[in-house]
Amino acid sequence: MRGRHRLRTAVASVAAAVLCVGAPAGCAAPAPDAVAPTVRATPRPAPLWDRSPASVAAVGDSITRAFDACEVLADCPEVSWATGTDSTVNSLALRLLGPERVTRQSWNLARTGARMADLPGQMERAAAVKPELVTVMMGANDACRSSAALMTPVEEFRATFASAMARLRAKAPKAQVYVSSVPDLQRLWSQGRVSPMGLEVWKLGICPSMLADAQDLSVTAERRRTLVRDRVVAYNAALKEVCAKDPRCRYDGGAVFGFRFDGGQLSPWDWFHPSRDGQARLAEIAHRQVTAPEPPA
């Protein structure tokens, strides 16, 4: 048996020497009966985007406050797409947290009438509660001014959104951010202009830059509406651009802008803000985006 062992050892040494011919200097035959080292796989880092955050803070404007969704000229946050508790809407927070935690672990910090200039302050308040997810829907009021000339300039809009993100990051560096696109205001005009009620309510001053003289189809009026729509498109491009620079931010890819609200999904009191059903559709979009394995293309 000892002879056979010596023979195997000699053959292994010769084979190693042959394999080393022409190899770089330093090649050496392995020691007899050497055991190969165990290779341990490097653990993969946890993904930055958590598809099941445990708390939600919402910032934004009247849409997130569910203005005119339950009664005329009033906020109705219980049916908000972001943090509402109403089971018929089934908000994003309700889907993520469940009915037992939604009131304790979600906060609606949006304000009716808010514009992008108000977002940095809202973001600071959101950071203070240390949420795992912050939802942002802001920009409609920047386009909805008394005239198209008064709309927020795109560069100002972009810079203010970047500032708001920086304020959040200063106090809540790991908070995820879901950014909704601004709705297509021209689409809302095309739906509401067929309603006698909508036409009368719009005369009170709802989004005049888009909705004033709603039945006027002149070249001048159409040019004004196109200008407002183009500004909304530019706002959405700015939201996407700033969000893309933050690894914990996810833009909806234009999903809300592209959603075709119909009459049943608009408030019966103003034919502009989402109704309960409209809020439910926004909740569906948000949940689909937040829980998707990858962000929209």
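Start by selecting Ser 106, which counts as buried because its relative accessibility is 11%, where buried means under 20% relative accessible area, exposed over 50% and partly exposed in between, with a 1.4 Å probe and protein chains only. This is a predicted model, in which local features need pLDDT of at least 70 and side-chain atom pairs count only at pLDDT 80 or more, while totals for chains, interfaces and linings use all residues. Residues are numbered from 1 along each chain as its sequence is written, and side-chain values use heavy atoms, with hydrogens and water left out.

Ser 106 belongs to strand β2 (residues 106-108); helices (H or I, at least four residues) and strands (E, at least two) are DSSP runs, numbered from the N terminus. Now show the side chain of Ser 106, and look for a polar atom in it that lies 2.4 Å from the backbone oxygen of Val 102. If residues up to four places away in sequence are not counted, Ser 106 touches Val 56, Thr 83, Ala 93 and Leu 97, contact meaning heavy atoms within 4.5 Å.

**The strands**

Next select strand β3 (residues 133-137), where 5 of the 5 residues are buried, so the strand is largely enclosed by the rest of the structure. In a regular strand the side chains alternate between the two faces of the sheet. On one side of β3 you will find Leu 133, Thr 135 and Met 137, and on the other Val 134 and Val 136, all of them buried, so that both faces are covered.

Which strand is joined to β3 by 5 bridges? Strand β1 (residues 56-60) is, and the two run parallel; strands pair if DSSP finds at least two bridges between them. To see one point of this pairing, select Gly 60, which stands opposite Met 137 in β3.

Strand β4 (residues 176-179) also runs parallel to β3, and 4 bridges join them. Two places to look are Leu 133, whose bridge partner in β4 is Gln 176, and Val 136, whose bridge partner in β4 is Val 179. Within β4, Gln 176 and Tyr 178 point one way and Val 177 and Val 179 the other way, and all are buried. From β4 move on to β5, which runs parallel to β4 and is joined to it by 3 bridges; here the bridge partner of Val 177 is Cys 249.

**Helix α6**

Select Gln 186, which lies in helix α6 (residues 185-192) and counts as buried because its relative accessibility is 17%. Leaving aside neighbours within four places in sequence, Gln 186 is in contact with Met 210, Arg 225, Thr 226 and Arg 229. Met 210 is 24 residues from Gln 186 along the chain, yet their C-alpha atoms are separated by 6.9 Å.

**Two residues in a loop**

Most residues other than glycine have a negative phi, and most peptide bonds are trans. Leu 73, although not a glycine, has a positive phi of about 55 degrees, and its place is in the loop between β1 and α2 (92-97). Leu 73 counts as exposed because its relative accessibility is 66%. Asn 90 lies in the loop between β1 and α2 and has a positive phi of about 55 degrees, although it is not a glycine. With a relative accessible area of 29%, Asn 90 is partly exposed.

**Pockets and a cavity**

Grid points are joined across faces, edges and corners, and a volume is the space filled by probe spheres set on the points.

The largest pocket holds about 240 Å³ of space. Of the 15 residues that line the largest pocket, select Ser 62, Gly 113, Asn 141, Cys 144 and His 273, the closest to its centre.

The second largest pocket holds about 190 Å³ of space. This second largest pocket is lined by 13 residues, of which Cys 243, Cys 249, Arg 250, Tyr 251 and Pro 295 lie nearest its centre.

Finally, the largest cavity has a volume of about 40 Å³. To outline the largest cavity, select Ile 63, Pro 183, Leu 188, Val 256, Phe 261, Phe 272, Pro 274 and Leu 282, which line it.

Methods
On a 1 Å grid over the protein atoms alone, a cavity is a set of points where a 1.4 Å probe fits but cannot get out, and a pocket is an open set with protein on both sides within 12 Å along at least five of seven lines; lining residues have an atom within 4 Å of a point. A polar contact is a pair of N or O atoms within 3.5 Å; within protein, one must be able to donate a hydrogen and the other to accept it, and residues adjacent in sequence count only if both atoms are side-chain atoms.
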